[in-house]
Structures are given as C-alpha cells and as structure tokens.
Amino acid sequence: MEQTVSQNAKKGYRESLKSMDTEEHIDLAFYRPIGYMWACLAKKLGITPNAITIASIFIGIAAGVLFYYNDLWLNICGMLLLIWANSFDSADGQLARMTGQYSRIGRILDGLSGDFWFATIYVAICLRENVTSEFFSAHPWLIWVIAVVTGICHAKQAAAADYYRQFHLYFLKGEEGSELDTASDLRKKLAELSWSRDFWKKLTRTFYTNYTVNQESNTRSMQALRRELAKRFPDGRIPQSFRDAFRRASLPLMKFTNILSFNWRTIALFTSLFLMMPWLYFAFELVVLNFLMVYMICRHERICRKFTKELEDGKY
C-alpha cells in the first residue's frame with residue numbers, strides 16, 4: 001500500500017514537470033519538489049494557479065523592498081522571500097498541469113510576476129546606491145540609466161529564453177504540450193475583443209500580443225522555418241523524424257535558456273548583495289547574460305536555416 005502511494009506520488013510529480021529536456025538542475029533539485037508540495041496543498045484547498053501567481057507577485061515585491069537596506073540580515077530576509085516567491089512561481093505551473101487549468105491569462109500573469117519582482121529590485125538597488133555609494137551619489141542619474149538599459153536587456157533575454165523553450169517543447173510534445181503562439185493569430189483574437197466590454201482581457205491580450213511580436217522580430221530564421229512547416233504540413237502532422245532531428249539540435253541550447261531564466265540571475269544577485277555591491281548585478285546582466293543571449297540567438301537561427309533548407313530540398 002505504501003509502495004503504491006509512493007509510486008503515485010512520484011508519477012504525479014513527474015507529470016507536473018514540463019519536460020526533462022527543459023528543466024534546470026537547480027529547479028529539479030530544489031524548486032520543483034517544493035513547488036509540487038505547494039501545488040498539492042493548493043489542489044486540496046481549491047486554490048487556483050492564478051491565485052498562487054498573484055501571491056508570488058506580492059512576496060517578490062516585498063523581497064525587492066528589503067534589498068534597499070544596506071543591512072545584510074535584512075537582505076538575507078529578502079533573499080528568503082525571493083526564494084519563496086519563486087517556489088510559488090514553480091507551483092502555479094505545476095498546479096496548472098496537474099489540474100488542466102491552463103489559460104492565456106495565467107501565462108501572461110506568470111510572465112508579469114518576474115517583471116514585478118525585478119522592477120522592484122532594480123528600483124531598490126538604484127535608491128540604495130544613490131545613498132551608500134560615493135560615486136553614484138555624485139552622479140545619481142547614472143545608476144538609473146544603467147538600470148533602464150539593464151531592464152530592457154533583461155526583458156529581451158527572458159523573452160528569447162522563453163520562446164526557444166516553447167519552440168523546443170513544440171517539437172518534443174506537440175502543440176498541446178507547448179505554449180507557442182503566433183502574432184497573426186493573436187492579432188485576430190485581439191480584434192474580436194471590445195475595449196468597452198472586455199477591457200481587462202483586451203489589455204492583457206494587447207501586452208501579450210506585443211510580447212509575441214517582439215519575440216518574432218528577433219527570430220527571422222525561426223519564422224521562416226515555421227512558415228515552411230505550415231506550407232508543407234498544413235494539418236500540423238510534422239514527421240516524427242523531423243521532430244526528433246530538431247529536438248537533438250535544439251537540446252544543447254536549453255542550458256542557455258535556463259541560465260537566462262531565474263536561478264543564475266538570483267545567484268549573481270545574492271552574491272552582489274553579500275559583497276555589499278549590488279551594482280555588480282547590473283554588470284552581470286549587461287555583460288555575461290547579453291553575451292549568452294546573442295550566442296544563443298545566432299546558434300538557434302543557424303539551426304533553423306539548416307532545417308529550412310533541408311525541408312526545401314525535400315529531405316522530410
């Protein structure tokens with residue numbers, strides 16, 4: 001009996017994951033097990049994934065506020081809150097997969113949660129550096145300029161990582177296992193909504209449509225491959241041999257999508273806070289993560305051009 005319960009728990013946990021291809025080692029060792037426990041509790045209490053996401057937003061904002069103080073113990077409290085917020089961010093997706101409560105609003109909220117966290121963190125760092133740093137106190141505008149540029153880069157990094165992960169999942173698990181959208185389809189659905197009748201729904205869909213447009217504008221070769229696939233396989237039945245070949249080529253890039261996501265950012269952030277030099281976090285994003293993003297985009301675009309040519313040559 002106990003063995004059956006244990007096997008069911010392990011099976012439920014595995015089914016709550018997106019895929020082993022796209023999971024990050026730190027997530028598998030830490031956040032996913034904790035997130036699964038939160039998700040099981042929320043399922044018993046009837047709490048929805050969106051409610052967990054909203055809770056994570058408030059916890060993450062509280063964490064960012066504590067990073068303003070030039071006090072290591074308060075900063076450590078902020079780190080623990082940010083870890084808690086991210087465990088909720090893991091739990092909402094796991095709960096959605098466990099219960100089938102998928103929604104575009106949920107996906108939008110999930111993306112916005114991290115934006116709220118890091119916007120608060122950026123503001124806290126800027127205000128802190130203007131008070132504690134002699135250099136930035138003498139040039140108070142400079143840290144804000146650095147923060148704005150870093151924030152723009154952060155948004156592009158996160159969007160690219162998410163897009164490549166969803167494209168990989170599309171070939172691994174099919175359309176139902178991926179959240180891959182097209183800007184053209186989203187524009188059509190957006191046009192069907194009215195500002196007077198569907199204000200909030202249209203507002204969130206507008207943000208999501210613009211987000212997708214931005215993703216597509218940075219991936220021209222991927223879009224060419226998607227058009228070629230749609231032309232050759234209009235029913236969506238892409239040959240398994242093509243799916244497997246693309247998955248093998250794309251898999252090595254998944255580690256870069258994970259580095260550009262949450263865990264390595266927070267390792268850099270926590271390190272800069274322990275060193276009492278939070279501005280170092282901006283340097284990490286601007287130099288290290290931008291380099292990885294450019295490398296990932298160039299390599300992925302090259303892969304897409306290769307497969308587009310093979311389709312045109314009739315290999316599949």
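I count a contact when heavy atoms lie within 4.5 Å.

**Ground rules.** I am working on a predicted model, where local features need pLDDT of at least 70, side-chain atom pairs count only at pLDDT 80 or more, and totals for chains, interfaces and linings use all residues. Residues are numbered from 1 along each chain as its sequence is written, and side-chain values use heavy atoms, with hydrogens and water left out.

**Thr308.** I looked up its place first. Thr308 sits in helix α14. Helices here are DSSP runs of H or I with at least four residues, strands are E runs of at least two, and numbering starts at the N terminus. Is Thr308 buried or exposed? Its relative accessible area is 10%, so Thr308 is buried. My cut-offs are under 20% for buried, over 50% for exposed, and partly exposed in between, with a 1.4 Å probe and protein chains only. I then listed its partners, leaving aside neighbours within four places in sequence. Thr308 touches Ser221, Ala224, Leu225 and Glu228.

**Fold.** I found 14 helices and zero strands in the chain. Buried residues make up 45% of the 316 residues. I also checked the range of the contacts. Of those with a separation of 6 or more, 77% join residues 24 or more positions apart.

**Size.** The C-alpha atoms fill a box of roughly 65 × 55 × 45 Å along the principal axes.

**Cores.** I define a nonpolar core as buried Ala, Val, Leu, Ile, Met, Phe, Trp, Tyr and Cys residues joined through side-chain atoms within 4.5 Å. The largest has 30 residues, and Phe67, Leu82, Ile121, Leu269, Tyr281 and Phe282 have the most contacts inside it. Which helices supply at least two residues of this core each? I noted α2 (25-45), α3 (49-66), α4 (72-99), α5 (104-132), α7 (140-173), α13 (263-274) and α14 (279-312). Helix α5 gives the most, with seven residues. I followed Ile121 next. Beyond its neighbours within four places in sequence, Ile121 contacts Gly64, Phe67, Leu82 and Leu269. I also found a second, separate core of 28 residues, which includes Tyr163, Tyr170, Phe242 and Phe256.
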